[in-house]
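Q: Before we go through this model, could you show me how its features are to be read, taking the general idea first and the particular case after it?

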Amino acid sequence: MVIPRLVVAAPASGAGKTTVAVGLMAALRQAGHTVAGFKVGPDYIDPGFHAVATGRPGRNLDPMLQGEERVAPLFAHGAEGADLAVVEGVMGLYDGALGTEGYASTAHVSKLLKAPVVLVVDASAAGRSVGAVVNGFVAFDTEVRIVGVILNKVGSDRHEAEVRAGVAPTGVPVLGVLRRDTRLTVPSRHLGLVPADEQREQAVAAVEAAADLVRKGVDLEAFVAAARAAVELHTEVWDPATEVEPAAEGRPVVAVAGGPVFSFRYTETTELLVAAGADVVTFDPLSDPLPEATAALYLGGGFPELHAEALSANVELRRQVVTEVAAGLPVIAECAGLLYLCRELDGHPMTGVLPATGRMTGSLTLGYRAAIAATTTAFFDEGRRVRGHEFHRTAIDLDTEVDPAWYLPGGVEGIAQPRVHASYLHLHWTATPDVPARLVAAARVHAGLEK
């Protein structure tokens, strides 16, 4: 399988790789290419901008959450129908999970994909020294093939000439030079960019500005040629239909929260639910009731703390959720979903399904987690080991003792009930396909399709 592909990486965070990657995706699409966009790591926000740029679902590649062996098959699945793939890296090129030798880093993923790398370098505070940076990154791991450099935040023609002179001895071609552009300022907040689904007009404008910058400053033909020089990738194509086994008859409705508040979910989540035999209906908890005939509910992540008043104002939905859960509606809730199921969030009434209150805090909880299921539910058996990711600035306070969802290295986390599993932990269900299968199986029982 030969999929033209390039990884867009950087020496460190803040170099502008998201701007460059998104701009490349959009500019290449406008030039007539069908582009598949990917993000290294667990990030939900960048893939939203990738989707705006490419017109295709954004996807993640994460050895830690998905398993090393699934990265290439998931890439091949996401690239189906595209003639070019652009993979945006995470942090610095060689930065991986803490305490490892770069596991789950951009370099790690580039080697799993046998994908060449283009290095985006912030040249705003350096001249010839940029050449030393490039040379060091090339030499650090010779299995990583750096095939080009894009110089970002260049101030003037004179500055550009000086930087180019520094890079020239490395032998790595300069594929583009981007000048500073104030139009690239996009809405941001405590956890990074505002999700594209939350402020669509601003996201579209930011993507177009990035595309315009790339069109003017990057040699797109040279970029495409470098992508087409990628070697053959020997891999199976991940297929959700082979991961789960649907029932013979009847398709229960699984309601999936969406809209501006619940925009954090992986593309494969829906694909697995559909493959497991569900009719997936997305709804917006800010304004919608539960979809008709809802037989199970998935509440993903997002920023409910910024929309607590508006969420609370949808009284009909809150009442429906309480009534349906009391009647046995199976629910999986991650992060934002956990908060929505609490009694209140920052003083605003939520559903009250769980005996807890949520609140905004001043500290960020972020990172991979090795977790063990603490309580048997319809979706997890006690003792089940998983790898997940946390990403929030909120906390919950329990009203009473509860059965925890997970054992973590630092204690317990989340709330588990027989048919409700709610916690801060985000999972990538490609590593645990039995979980969506069990959610759909519980939905079938709730819908009366089987006993």
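A: Let us start with burial: a residue is called buried when its relative accessible area is under 20%, exposed when it is over 50%, and partly exposed in between, with a 1.4 Å probe and protein chains only. By that rule C342 is buried, with a relative accessible area of 0%, and C335 is buried as well, at 4%. The model is a predicted one, in which local features need pLDDT of at least 70 and side-chain atom pairs count only at pLDDT 80 or more, while totals for chains, interfaces and linings use all residues. Residues are numbered from 1 along each chain as its sequence is written, and side-chain values use heavy atoms, with hydrogens and water left out.

Q: How many disulfides does a search of the whole structure find?

A: A disulfide is a covalent bond between the sulfur atoms of two cysteines. The criterion applied here is a pair of cysteine sulfur atoms within 2.5 Å, and the search of the whole structure finds zero. For C335 the closest cysteine sulfur is that of C342, 11 Å away, which is too far for a bond.

Q: How should I read a helix, and which residues of α13 are buried?

A: Helices are DSSP runs of H or I with at least four residues, strands are runs of E with at least two, and both are numbered from the N terminus. An α-helix has 3.6 residues a turn, so residues three or four places apart point the same way. In α13 the buried residues are L317, R318, V321 and V325. They cover an arc of only 100° around the axis, which puts them on the same side of α13; the arc is taken over the directions from the helix axis to the C-beta atoms. The face turned away from that buried side carries the exposed residues R319, T323 and A326. As for length, the expected span of a helix is 1.5 Å times one less than its number of residues, and the twelve residues of α13 (315-326) should therefore span 16 Å, in agreement with the 17 Å between its end C-alpha atoms. Just after α13, G328 takes a positive phi of about 105°.

Q: Which residues are buried in α11, and what follows that helix?

A: The buried residues of α11 are E268, T269, L272, L273 and A275. Seen down the axis, they fall within an arc of 165°, so they line one face of the helix. T269, for instance, has a relative accessible area of 3%. The helix is followed by G277, whose phi is positive, near 110°.

Q: What do the buried residues of α15 pack against?

A: Packing is read through contact, meaning heavy atoms within 4.5 Å. The buried residues of α15 (434-446) are V435, P436, L439, V440, A442, A443 and R444, and they pack against β10, α11, β12 and β13. This helix has 13 residues and reaches 18 Å from its first C-alpha to its last, close to the 18 Å expected. G448, with a positive phi near 80°, follows α15.
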